[in-house]
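Hi there,

Here is the structure I promised to pass on. Please have a look at it before reading my notes below.

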Amino acid sequence: MIKNLRDRLDRWLLRRGYTHPEVRELVRNQLVLTALVLAGTLPFSGISTAAWSLAAGTVIISANFCSLAKFGQRITGFANRREAVAAVLARFYFRLALSGAALFACIVWFGAAPLPLLAGITTVVVNFLVWGAWRHVGSKTHQTLTGKEA
């Protein structure tokens, strides 16, 4: 059942332009992590500021991550490097400003608790760490700290 759900989610992401398999895997894991956080926190969102703050932080970072991951796939096709760098910087700063505005609105206008909000934002870091550890354990060759294969 989990494999079937994973395959359906992969096909859905592929139809939405996530063509690179590793990017699609990271986006899929982030979406699953977001769904788990939302499922765990939304029942308590009416009674706990920390619960909806955690959910809001997770949604904000997931939206940013999905957008940047999709754009990151397209950037490899740019022939002009200056144009590619300018596009990445423009998109990065636009997302940074948008995230800042969303965080400002959550904290100042809606009274979100900053630490749970930050914890929600760190779900993307957890996603990367788990993905990296899983790939390291699954690989047949391992590198030492000097870069040589062990």
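What follows covers confidence, pockets and nonpolar cores.

First, some ground rules. This is a predicted model, in which local features need pLDDT of at least 70 and side-chain atom pairs count only at pLDDT 80 or more, while totals for chains, interfaces and linings use all residues. Residues are numbered from 1 along each chain as its sequence is written, and side-chain values use heavy atoms, with hydrogens and water left out.

On confidence, the average pLDDT (the predictor's confidence in each residue, from 0 to 100) is 89 for the protein, and 93% of the residues score at least 70. Helix α5 (residues 114–121) has the highest confidence, 95, and α1 the lowest, a mean of 90. Helices here are DSSP runs (H or I, at least four residues), numbered from the N terminus.

Now the pockets. A pocket is an open set of points on a 1 Å grid over the protein atoms alone, where a 1.4 Å probe fits, with protein on both sides within 12 Å along at least five of seven lines; lining residues have an atom within 4 Å of a point. Volume is the space filled by probe spheres set on the points, which are joined across faces, edges and corners.

The largest pocket has a volume of about 240 Å³, and its lining consists of I2, L5, R6, L9, R28, N29 and V32. Two or more of these residues come from each of α1 (2–15) and α2 (21–41), with α1 giving the largest share, four residues.

The second largest pocket, at about 200 Å³, is lined by E25, N29, V32, L33, L36, V126, N127, V130, W131 and W134. Here α2 and α6 (123–138) are the elements that give two or more residues.

Finally, the cores. A nonpolar core is a set of buried Ala, Val, Leu, Ile, Met, Phe, Trp, Tyr and Cys residues joined through side-chain atoms within 4.5 Å, where buried means under 20% relative accessible area with a 1.4 Å probe, protein chains only. The largest one has 11 residues: L13, Y18, V23, L26, V27, I61, F65, C66, A69, V124 and W131. At least two residues each come from α2, α3 (49–75) and α6, and α3 gives the most, four. Apart from this core lies another, of five residues, including A56, I60, C106 and A112.

Best wishes

Notes. Buried < 20%, exposed > 50% of the residue type's maximum accessible area, 1.4 Å probe, protein only.
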